[in-house]
Amino acid sequence: MTNHHWQTTMAAMMCLSLLMGYRAQAADVIPLTADNGTLFADYDPKAKADRNVSGATCFSDGSCILVSDEMIAVQRIQLKLKGKSSSYSVGRTYGRIFGDKCTDIGKKKKCNEVDLEAIASNGNKILVTGSMGNKSKSGKRARDRWFLGEFAIGKNGKPRSGSLSLQSKRSVLKVMFEQHGALKPYVEKPLQCGGINIEGLAVLDDQIFFGLRSPSGPKNGQAYILQADDRILSTDNKKNVGSTTLHRLTFKDRSKRKLKNLGIRALETIGTKMLIVTADSGVSSPDTPARRRDITSRCVSVPNGADLPNVATRLLKPKIWLWDPNTKKQPVEIFELGGDYGDEKLEGIAIIPGSASRADTVDLLLTIDGQNDVPALALLQGLEIPNL
């Protein structure tokens, strides 16, 4: 084979690999530990916030802000990037800035359970969201989980006075979902039959993107991202929400087979594009016969709901995808988390600005929820980002 033919063949293979969902498995996952204490140490230890880290956002100075899905647990950390010796230090917490929603982070009963599932940033503004879902074990409605908040921070990491916007009116937030026939039947329904469950959050300009773990298309590889104008934060009237956009995405493996029982677990913006984390959409089965009967009765109005179709049957390895919301193209798989992390719950990712060694790669902070054999945080170095 001539050198020209070899180069042509290699270029074709590289293009084909991108189209098939190239995975940058050369990226390196490095566990991170704190060098000055533990995460969320000021919070009520009964909440176990350090074992339920559900999201992160990072800044150019190497600092990041984490959320946990217990209480209103929000904490700043400082990364210390030294390759395989990287670590972090824990810093200030933000739970008390939410006023009456959280008056004492040391007492679980005085800090509402809003089920914070994701965090995003837009400049110095920090946006956090509750799951807006029912309780996972009982299947019952959870008013406090209808929660969307935004605050600004200064260069010293302190929240700016008067910057807090808090939207916790269900009547307003429900409109986002009820505008769409694919989502409306699942509002305030148990997670076991596909009830609304937000786990991803991203911001592009004045648009907020919510990634849904459920409902999803369990048999056709579909998952949903809901796009809304940021006016949702400040309106008092459900008539002023405005129209929202529902993105129906189809996720396929490298053999072009649709991935079943898949939901979105995290979002992160990268320029005008978006990184998407997926894993299983299902949740645990009801743990008692009485609870199963109660949840089933709450699911009868959902399509095929009585069969509890969103109960997890197997664990899908976390995957990271690249997607352009400005086109009709479907997401492209770029990474699958394996090794010690293949059976962990990847719940959040955050690009670490300026940390990557090459222009076509990014470094990510990973957050692990309910970790088994790994720390709550990890560094993913050198994730290659293809051109779409």
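Me: Which strands each supply at least two residues of the lining of the largest cavity?

Reply: They are strand 2, strand 6 (116-122), strand 10, strand 14 (262-270) and strand 18. A strand here is a DSSP run of E with at least two residues, numbered from the N terminus. The model is predicted, so local features need pLDDT of at least 70 and side-chain atom pairs pLDDT 80 or more, while totals for chains, interfaces and linings use all residues. Residues are numbered from 1 along each chain as its sequence is written, and side-chain values use heavy atoms, without hydrogens and water.

Me: What makes this space a cavity, and what is its volume?

Reply: On a 1 Å grid over the protein atoms alone, a cavity is a set of points where a 1.4 Å probe fits but cannot get out, and lining residues have an atom within 4 Å of a point. The volume is about 50 Å³, taken as the space filled by probe spheres set on the points, which are joined across faces, edges and corners. The whole structure holds one cavity of 30 Å³ or more. Of its 14 lining residues, Gly-55, Ala-118, Ile-119, Leu-267 and Gly-348 are the closest to the centre.

Me: What is the lining of the largest pocket by class?

Reply: There are 21 charged residues, 11 polar and six nonpolar. Asp, Glu, Lys and Arg count as charged, Ala, Val, Leu, Ile, Met, Phe, Trp, Tyr, Cys and Pro as nonpolar, and the others, Gly among them, as polar. A pocket is an open set with protein on both sides within 12 Å along at least five of seven lines; this one has about 1100 Å³ of space. Asp-69, Glu-70, Ser-136, Lys-137 and Arg-145 are the closest to its centre among 38 lining residues. Strand 10 (197-204) and strand 18 (345-351) each give at least two residues to the lining of this pocket.

Me: How do you know that strand 2 and strand 3 pair?

Reply: Pairing needs at least two DSSP bridges between two strands. Strand 2 and strand 3 (residues 63-68) have five, in the antiparallel sense, so they pair. Gly-55 stands opposite Val-67 in strand 3.

Me: Why are strand 2 and strand 5 said to stand at the edges?

Reply: The open sheet has four strands in the order 2-3-4-5, paired antiparallel. Strand 2 (53-58) and strand 5 (87-93) each have a single partner strand, so one side of each lacks a neighbour in the sheet.

Me: What makes Met-71 and Asn-261 stand out by phi?

Reply: Most residues other than glycine have a negative phi. Met-71 has a positive phi of about 50 degrees, and the phi of Asn-261 is near 55 degrees. Met-71 lies in the loop between strand 3 and strand 4 (73-80); at 1% relative accessibility, Met-71 counts as buried. Asn-261 is in the loop between strand 13 and strand 14 and, at 29%, is partly exposed.

Terms used
Buried means under 20% relative accessible area, exposed over 50%, partly exposed in between (1.4 Å probe, protein chains only).
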